[in-house]
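The plan is to go from the overall fold to single residues.

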Amino acid sequence: MLRTILTHGVIGGLIAGGLLSVIVLNFEGATGQYGMAIGYLIMLIGLSAIFIAIKRQRDVAQGGVIRFWPAFGMGLAISLVAGIVYALCWDLALATIGIDAFIDKFAGAMLDGKSGAELARAQAEMASFRTAYHNPLFRLPMTFVEIFPVGVLVSLVSAALLRNSRFLPARPRET
């Protein structure tokens, strides 16, 4: 089971982190109006590896039956691995484009349309964020927390659905 967790976690993290990194590196307007929706959709696509792993564990390794808690635990473990890989992919993308370039782009979006006292407060927050974001002990956990709750949700739904052996039953093997 450890091999399944590691394999599917790395696959899910590389899909989510890799695709998001490619988008951020190649598309200038990726952080625009629909950027967050696109980001979470890509995370869901990558974390579909959780569903696949639990189904495979149920159908192949356990003879078509899996209980909720073992399935949920497996999903959480895959989410943990995927989150670590995702955070490392993001850090690699940041190293490529430069942390300051990303923060400047992010700050520009956050400060857009503000004026007066609101602008001054937002500028102070961005200055504090810039300092904190340069610290990997702040940046990496913050990046991990972006994807892990999505993994928890996918794990919960997958475990709830796949505990029922009649849901997407295994096909009998042809001999």
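My entries follow in the order I looked things up.

**Fold.** I noted at the start that this is a predicted model. I then asked how many helices and strands the protein chain has. I found 6 helices and 0 strands. Along the sequence the pattern reads α-α-α-α-α-α. I checked the radius of gyration next, and it came to 20 Å. The globule rule gives 16 Å for 175 residues, so the chain is more spread out than a compact globule. The box around the C-alpha atoms, taken along the principal axes, is roughly 70 × 30 × 30 Å.

Of the 175 residues, 35% are buried. I looked at contacts with a separation of 6 or more, and 80% of them join residues 24 or more positions apart.

**Cores.** I looked up the largest nonpolar core and counted 24 residues in it. Leu47 and Ile54 have the most contacts inside this core. Four helices each supply at least two of its residues: α1 (2-26), α2 (35-61), α3 (68-97) and α6 (136-162). Which helix gives the most? I found that α3 does, with 9 residues. I then followed Leu47 to its partners beyond four places in sequence. They are Ala82, Ile147, Val150, Gly151 and Val154. Another core, of 9 residues, lies apart from the largest one. Its members include Val24, Leu94, Ile99 and Phe129.

**Surface patch.** Leu153, Leu156, Val157 and Leu161 make a nonpolar patch of about 330 Å².

**Salt bridges.** My list has 5 salt bridges. I started with Asp100 and Arg130, whose side chains meet at 3.2 Å, N to O. Asp100 is in helix α4 (residues 99-111) and Arg130 in helix α5 (residues 116-133), so this pair ties together parts 30 residues apart in sequence. Arg130 also forms a salt bridge with Asp104, with the closest N and O atoms 2.5 Å apart. This pair links helix α5 to helix α4 across 26 residues. Asp100 is partly exposed at 36%, Arg130 is partly exposed at 26%, and Asp104 is partly exposed at 43%.

I turned to Arg58 next. It pairs with Asp59, the closest N and O atoms being 2.7 Å apart. Salt bridges that share partners join Lys55, Arg58 and Asp59 into one network.

**Backbone check.** I finished with phi. Most residues other than glycine have a negative phi. Leu168 has a positive value, near 45°. I located Leu168 in the segment after α6. Its relative accessible area is 42%, which makes Leu168 partly exposed.

Technical notes:
Residues are numbered from 1 along each chain as its sequence is written. Side-chain values use heavy atoms; hydrogens and water are left out. A nonpolar core is a set of buried Ala, Val, Leu, Ile, Met, Phe, Trp, Tyr and Cys residues joined through side-chain atoms within 4.5 Å. Buried means under 20% relative accessible area, exposed over 50%, partly exposed in between (1.4 Å probe, protein chains only). Contact means heavy atoms within 4.5 Å. Patches are made of residues with over 30% relative accessible area and no salt bridge: like charges are joined within 9 Å, nonpolar side chains (Val, Leu, Ile, Met, Phe, Trp, Tyr) within 5 Å. Accessible areas come from the Shrake-Rupley method with a 1.4 Å probe; for residues, only the protein chains shown count as cover. A salt bridge is a side-chain nitrogen of Lys or Arg within 4 Å of a carboxyl oxygen of Asp or Glu. The radius of gyration is taken over C-alpha atoms; the globule rule is 2.2 Å times the number of residues to the power 0.38.
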